Amino acid sequence: MITLSLLHPLNKTPVQHWTFEKEPVIRIGRSTDNDVILYSAVVSRHHVEIHRTDSGWEIRSLGTNGTYLEGKRIAEAPVQNGIIIRLARSGPNIQINMTEEKRSPLQELLENRSRMAASFTTVESPSVEFDSEFKAVLTL
């Protein structure tokens, strides 16, 4: 799960949050077709995208006025928990927080059960036969 928080411009406290659980791409900008819509003159219609990758999340700047991480303009950057990006030099700050998806106890039980079942091999049932002297012979 990933949560984006719009930070207050002066004291940097969160003033609005957006949480995403399954989306592979999160779009931020001024246009109403974005997932996060920010009405600011310095924010582009399609300013930044955050993509899910095999190794985590990645930021891609699309805006004319740029996206900044630690005061440096970026084109792309990996997302680390708690980072703050700024949209344009004087635009809004967005903090990005990631949390692992919490599974219910039932989900964990079912996953453990399927893992355990996969680790066992099938053994054929033994059969019992009798020889001519009526002695039991166990065959595996």
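Biologist: Why is Glu58 called partly exposed?

Modeller: In this predicted model, Glu58 has a relative accessibility of 21%, and because buried means under 20% relative accessible area and exposed over 50%, with partly exposed in between (1.4 Å probe, protein chains only), Glu58 counts as partly exposed. Residues are numbered from 1 along each chain as its sequence is written, and side-chain values use heavy atoms, with hydrogens and water left out. Since the model is predicted, local features need pLDDT of at least 70 and side-chain atom pairs count only at pLDDT 80 or more, whereas totals for chains, interfaces and linings use all residues.

Biologist: Which residues are linked with Arg60 in a network of salt bridges?

Modeller: The network links Glu58, Arg60 and Glu76, for the side chains of Arg60 and Glu76 also meet in a salt bridge, at 3.5 Å from N to O. This pair links distant parts of the chain, with Arg60 in strand β6 and Glu76 in strand β9 (residues 76–78), 16 residues apart; strands here are DSSP runs of E with at least two residues, and helices are runs of H or I with at least four, numbered from the N terminus.

Biologist: How many salt bridges does a search of the whole structure find?

Modeller: The search finds 3, and one of them joins the side chains of Arg27 and Glu49 at 3.2 Å, N to O. Arg27 belongs to strand β3 and Glu49 to strand β5, so this pair ties together parts that lie 22 residues apart in sequence.

Biologist: Are Arg27 and Glu49 buried or partly exposed?

Modeller: Arg27, with a relative accessible area of 35%, is partly exposed, whereas Glu49 counts as buried at 15% relative accessibility.

Biologist: What makes up the largest nonpolar core?

Modeller: A nonpolar core is a set of buried Ala, Val, Leu, Ile, Met, Phe, Trp, Tyr and Cys residues joined through side-chain atoms within 4.5 Å, and the largest one has 23 residues, with Leu4, Ile50 and Ile96 making the most contacts inside it. Among the elements that give two or more residues to this core are β1 (2–7), β5 (48–53) and β11 (93–98).

Definitions and conventions: A salt bridge is a side-chain nitrogen of Lys or Arg within 4 Å of a carboxyl oxygen of Asp or Glu.
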